[in-house]
There are 4 protein chains.
Amino acid sequence: MSLDVPDLDRVVREIADEMRARPDRGEVATYIPELAGADARAFGLVVIDAEGRIAAGGDSDEPFSIQSISKVFTLTLALGMAGDRLWRRVGREPSGSPFNSIVQLERERGIPRNPFINAGAIAVTDLILSGHQPREAIGEILRFMQFLAQDSSIAIDEAVAASELRTGFRNMALAHYMKSFGVLDNPVDFTLGVYFHHCAISMSCRQLAQAGRFLAHSGRNPLTGLSVVSPERARRINAVMLTCGHYDGSGEFAYRVGLPGKSGVGGGILAIAPGKASIAVWSPGLDASGNSHLGRIALEMLTKRLGWSIFGA
Amino acid sequence: MSLDVPDLDRVVREIADEMRARPDRGEVATYIPELAGADARAFGLVVIDAEGRIAAGGDSDEPFSIQSISKVFTLTLALGMAGDRLWRRVGREPSGSPFNSIVQLERERGIPRNPFINAGAIAVTDLILSGHQPREAIGEILRFMQFLAQDSSIAIDEAVAASELRTGFRNMALAHYMKSFGVLDNPVDFTLGVYFHHCAISMSCRQLAQAGRFLAHSGRNPLTGLSVVSPERARRINAVMLTCGHYDGSGEFAYRVGLPGKSGVGGGILAIAPGKASIAVWSPGLDASGNSHLGRIALEMLTKRLGWSIFGA
Amino acid sequence: MSLDVPDLDRVVREIADEMRARPDRGEVATYIPELAGADARAFGLVVIDAEGRIAAGGDSDEPFSIQSISKVFTLTLALGMAGDRLWRRVGREPSGSPFNSIVQLERERGIPRNPFINAGAIAVTDLILSGHQPREAIGEILRFMQFLAQDSSIAIDEAVAASELRTGFRNMALAHYMKSFGVLDNPVDFTLGVYFHHCAISMSCRQLAQAGRFLAHSGRNPLTGLSVVSPERARRINAVMLTCGHYDGSGEFAYRVGLPGKSGVGGGILAIAPGKASIAVWSPGLDASGNSHLGRIALEMLTKRLGWSIFGA
Amino acid sequence: MSLDVPDLDRVVREIADEMRARPDRGEVATYIPELAGADARAFGLVVIDAEGRIAAGGDSDEPFSIQSISKVFTLTLALGMAGDRLWRRVGREPSGSPFNSIVQLERERGIPRNPFINAGAIAVTDLILSGHQPREAIGEILRFMQFLAQDSSIAIDEAVAASELRTGFRNMALAHYMKSFGVLDNPVDFTLGVYFHHCAISMSCRQLAQAGRFLAHSGRNPLTGLSVVSPERARRINAVMLTCGHYDGSGEFAYRVGLPGKSGVGGGILAIAPGKASIAVWSPGLDASGNSHLGRIALEMLTKRLGWSIFGA
């Protein structure tokens with residue numbers, strides 16, 4: 001915890017070097033055509049500690065599609081708007097099934113199990129939209145990301161969003177299915193338009209780690225000194241990340257890494273060491289559960305070497 | 001963290017008093033006939049901190065049937081015997097379904113999702129048994145509990161074990177089903193005999209909190225100074241408790257309490273504050289997910305007042 | 001079999017009278033708003049025997065929304081276009097679940113179980129569409145119905161089709177879901193447009209019984225003398241109707257009525273007594289499985305009194 | 001229908017010859033060890049028409065394990081004992097899943113979908129047992145088979161029954177699971193003992209076709225002149241055979257063969273042409289749904305050549 005900065009720097013660089021050299025890289029996601037071209041050799045890692053010191057390794061300034069990592073931030077936004085009313089629309093239990101399963105929705109009458117599977121994130125997006133125009137809601141989410149990272153250059157990759165709009169039939173099915181149970185208020189096309197756009201936000205590891213710092217520090221963003229959420233809400237968002245943040249690999253991530261985290265099919269992971277650091281890692285190759293293969297391994301090494309697991313020294 | 005002992009004492013007693021006065025007490029489990037007679041008014045709470053100081057409130061010395069809490073200890077024992085080979089027989093992902101669901105077993109060809117649902121614990125018990133006589137395995141598990149708690153008076157309630165043997169048809173179905181996939185090695189009756197007996201161990205909150213201390217302290221039992229498991233294994237058991245320890249209420253428990261924990265249908269919960277304390281609570285009335293209603297509420301109060309959540313201050 | 005026409009007339013009229021007097025009428029479907037206004041007191045029954053003699057009772061000339069009964073005719077059309085290639089897109093096994101279940105599609109990778117559940121009928125419609133404009137496909141299906149019934153007054157109720165287009169979220173979910181597996185070739189909106197329109201065809205019992213005659217007579221329509229399908233194909237369509245024609249009430253219908261049949265949520269049923277008669281019945285109130293309550297009872301009486309069950313005298 | 005006997009003889013012999021020569025023979029079931037040794041080259045076919053004339057081809061007098069075909073006769077017996085009360089314990093809808101699936105039981109609280117999947121047949125056996133000793137119930141079922149076939153040499157293959165008792169873990173799981181819902185009255189071991197024994201009855205095609213004749217002739221056994229069940233009950237048993245008699249291949253059998261039938265994993269099929277004939281076929285190799293591969297093909301040829309489909313000429 002009282003790690004010297006040179007040490008943290010060294011650990012991060014060593015891990016990045018080791019990761020870049022490994023032959024096993026997972027499989028780049030192909031189901032969103034625009035993402036299929038990602039370079040499987042890319043690897044980036046950024047750690048920002050409580051004092052704001054930044055340790056960076058690899059492709060730490062390369063922007064990538066954050067995809068499902070955006071769900072942490074839309075959940076935060078939606079809780080700010082709707083408070084605990086949000087939990088009437090979406091549960092907070094692990095799903096026990098793949099990220100885009102529709103079976104659970106049938107059994108539980110359209111209420112998604114948690115806000116981090118696709119159906120749940122679509123329901124959360126619908127709450128943010130609530131009567132506004134899609135363009136306004138997209139702008140609001142983007143500005144929130146820029147505000148958290150204090151970086152107005154963060155942008156949406158319109159080609160990725162358009163690619164999803166053309167091919168995201170599974171998500172369209174999930175959304176119409178929830179609509180049939182009355183779980184969505186807005187026109188399905190509106191809600192999905194916003195959803196595909198916030199998933200298409202591009203950020204670097206550095207920007208992402210900055211944006212996540214409020215979750216490591218009791219809801220307060222040390223960069224601005226402003227409180228984003230209450231300490232209790234920060235803890236609770238971390239708890240949902242721990243139990244549900246990696247789809248059907250959430251148990252595995254908790255077991256190996258021991259930190260709350262959220263992954264995206266673009267290959268990024270945001271991980272939080274409460275009180276200690278905000279961490280972003282990126283490597284496009286995925287494992288069988290759809291989580292970054294080397295990203296998870298890098299985080300496992302990092303928490304082991306730094307003793308940062310929330311489950312004990 | 002640096003709480004004065006009188007303060008801890010006071011917090012524990014205040015919570016116990018408040019809990020004993022509450023009108024909402026959940027429902028006592030009736031599916032094991034011998035447990036149906038438990039007194040819904042009972043409530044006990046014991047916290048043992050890193051220095052070994054004990055704060056106790058309510059019926060803290062009343063023995064109760066630990067039921068599924070025993071699964072934490074059989075997992076620990078079986079990992080000691082089989083090491084990571086254990087994970088070929090049982091997964092470590094949350095189940096997304098009730099504790100005795102058989103559906104998942106069909107989809108995943110007899111491999112239970114985790115060691116804390118019934119099917120998974122039966123598979124773990126089968127590993128412990130591995131060729132021995134049931135009587136020997138039962139003795140070994142009981143002695144392990146006595147050793148951890150340093151209390152040779154801990155015993156099995158034979159009436160509860162017999163009650164389960166007569167009526168535990170669901171568990172018999174789960175076991176035969178796994179057997180049909182070749183997941184169990186021993187005769188089903190042998191494995192279930194051991195399983196029903198270790199679930200029938202009776203312990204008080206004080207004994208249970210003692211037995212769990214190694215999980216709070218990097219695998220070492222401060223009472224004996226002996227290492228029970230490696231620090232890494234202790235962290236990993238805690239991780240599995242966090243994601244899977246409360247059946248289909250695991251997400252809720254992480255969200256509200258923020259500690260690794262394991263519940264039993266007897267109304268007990270063992271919770272671990274890594275580096276800080278081992279905690280046992282007991283109140284027989286259960287919530288809809290089969291976890292102690294007041295036990296969970298008491299732990300939520302406790303972690304909030306003491307700032308012990310692993311998800312941040 | 002060698003029933004005198006006066007006798008058949010009498011049986012049909014007696015059943016119609018008895019049905020109109022019964023207090024139990026089932027529940028009119030409300031999920032398509034335009035259908036919710038149907039008169040639960042309506043009842044119609046028409047039997048056309050091998051010689052073309054027509055026995056009619058009750059509201060036999062009142063048009064109603066044939067809904068899923070149209071699936072028998074779209075299956076016939078699609079088999080004519082695609083032959084057995086059709087069975088690569090859709091199975092022919094009973095579903096074991098409600099008519100609009102999405103669970104089976106997930107398990108079987110987007111291939112619907114049979115052409116008479118909604119998903120299967122949408123896949124069949126997609127085959128009929130195959131590259132044409134929706135308007136053309138709708139026209140073709142409508143003309144096929146007019147040709148079979150030799151009645152050019154048969155029309156589509158545009159208000160019903162529009163009502164489905166506005167509210168059919170479950171069907172939209174099914175279609176997008178199949179699209180995600182590559183089971184549909186055409187744009188989802190095109191396919192559903194055609195589907196909702198052919199479900200919205202309005203026909204009377206008299207027209208419907210005429211249209212179904214080819215299935216009772218080895219594929220030949222006695223009205224025109226023209227062969228619609230081969231004898232083998234007629235038998236096979238009847239077989240699929242018997243096993244799959246009443247959703248999750250197909251077993252019950254076979255058990256009680258003993259004839260191939262297809263129901264619709266508008267309250268109609270087309271039933272076929274091979275070699276003997278084509279039968280149409282209509283009463284808007286549905287039972288728990290979504291089939292016409294009095295329609296089924298009337299058919300049970302009819303087959304019993306006439307000895308028409310295919311399962312024996 | 002008015003087929004000359006020499007013609008029927010010729011058709012049966014030709015089909016038997018063709019079947020014996022085919023290279024594709026399916027896979028002999030291995031999950032019951034005692035059945036694994038069956039000769040895949042065996043093929044037998046017997047047709048008994050309304051006048052009692054017998055046409056036989058191939059290994060028509062070779063006894064084989066009737067396995068699930070026994071379920072038709074236990075259903076008949078149990079309906080005689082319990083009447084329609086039986087349907088409170090078991091449904092009559094196709095299952096939409098494999099013969100030994102346990103998933104449906106969880107969704108429908110222990111009530112099997114129909115009497116021809118394993119769970120349903122176990123529930124039916126439990127009704128026959130109802131308080132008696134297993135030995136008595138086994139004797140009663142066996143005597144019923146001997147009476148129907150008028151052949152007291154029909155016997156149980158004890159080696160097959162013992163093999164199932166040792167290895168039938170899936171069926172034990174199903175039985176315990178139903179017991180946990182209160183669907184079985186007797187001790188699970190008693191019920192399964194009877195079940196395994198009636199499945200282990202050995203019969204030749206000739207004996208089996210004799211035993212099934214009452215189903216072809218309005219419930220009356222032409223051999224004895226005695227009525228076994230009412231005409232209505234015979235029709236209804238045939239209906240359940242049609243919709244549920246071939247597990248998850250029931251739709252396929254109806255589509256291709258067009259007769260009510262019941263298959264067993266021993267490779268036998270009993271098929272009924274109402275009013276015309278009782279048919280038994282046997283070939284040990286099974287298809288993917290667990291039904292006799294050549295048996296089904298032979299029946300398809302037979303009904304096609306004789307015009308016996310219940311779905312039309």
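I count a residue as buried if 20 or more other C-beta atoms lie within 10 Å of its own. I keep that cut-off beside me for the entries that follow. The model I am reading is a predicted one.

**Entry: strand E2 of chain C**

I began with strand E2, residues 44-49 of chain C. How many of its six residues are buried? I found six of the six, so the rest of the structure largely encloses E2(C).

Next I looked at which way the residues point. Gly44(C), Val46(C) and Ile48(C) face one way from the strand, and Leu45(C), Val47(C) and Asp49(C) face the other way. Both sets are buried.

Then I looked up the neighbours of the strand. E2(C) runs antiparallel to strand E11, residues 277-282 of chain C, and six bridges join the two. In that pairing, Asp49(C) has Ala277(C) as its bridge partner. E2(C) is also antiparallel to strand E3, residues 54-58 of chain C, with five bridges between them. There, Ile48(C) is partnered with Ile54(C).

**Entry: helix H2 of chain A**

I moved to chain A and picked helix H2, residues 70-82. It has 13 residues. From its first C-alpha to its last I read 18 Å, close to the 18 Å expected at 1.5 Å a residue.

Is H2(A) mostly covered or mostly open? It is mostly covered, with ten of its 13 residues buried. The buried residues include Val72(A), Phe73(A), Leu75(A) and Leu77(A).

What follows the helix? I found Gly83(A) there, with a positive phi near 60 degrees.

**Entry: the two domains of chain A**

I then stepped back to the whole chain. Chain A is divided into domain 1, made of 5-64 and 204-306, and domain 2, made of 68-201. Their centres, taken over C-alpha atoms, are 21 Å apart.

I looked up the contact between them. Domain 1 of chain A brings 31 residues, and domain 2 of chain A brings 27. On the domain 1 side, the elements giving two or more residues are helix H9 (205-211), helix H11 (231-244), strand E9 (261-263) and strand E10 (268-273). H11(A) gives the most, with six residues. By class, I read 16 nonpolar, eleven polar and four charged residues on that side.

**Entry: chains A and B**

How many residues does each chain give to this contact? Chain B gives 35 and chain A gives 35. On the chain B side, helix H11 (231-244) and helix H12 (250-256) each supply at least two residues. H11(B) gives the most, with ten. That side divides into 14 nonpolar, 14 polar and seven charged residues.

A rotation of 180 degrees, with 0.0 Å of shift along its axis, superposes chain B on chain A at an RMSD of 0.0 Å. That is the relation of a two-fold axis. In chain B, the C-alpha nearest the axis belongs to Gly96(B), 2.1 Å away from it. The same surface serves both copies, since 100% of the contact residues of chain B recur in chain A.

**Entry: chains A and C**

I repeated the look-up for chains A and C. Each side of this contact has its count: twelve residues from chain A and twelve from chain C. Helix H3 (103-107) and helix H7 (169-180) of chain A each supply at least two residues. H7(A) gives the most, with eight. The chain A side has six nonpolar, three polar and three charged residues.

**Entry: pairs without contact**

Last, I looked at two other pairs. Chain B and chain C do not touch, and their nearest C-alpha atoms are 10 Å apart. Chain A and chain D have no contact either, with their closest C-alpha atoms 10 Å apart.

Note on methods:
Residues numbered from 1 in each chain as written. Chains lettered and ligands numbered in written order. Predicted model: local features only at pLDDT ≥ 70, side-chain atom pairs only at ≥ 80, totals over all residues. Domains from an automatic or database assignment. Contact = placed C-beta atoms within 7 Å. Helix = DSSP H or I, 4+ residues; strand = E, 2+ residues; numbered from the N terminus. Nonpolar A, V, L, I, M, F, W, Y, C, P; charged D, E, K, R; others polar. Least-squares fit on C-alpha atoms with pLDDT ≥ 70 in both. Expected span 1.5 Å × (residues − 1). Buried ≥ 20, exposed ≤ 12 C-beta atoms within 10 Å, placed from the backbone. Pairing = 2+ DSSP bridges.
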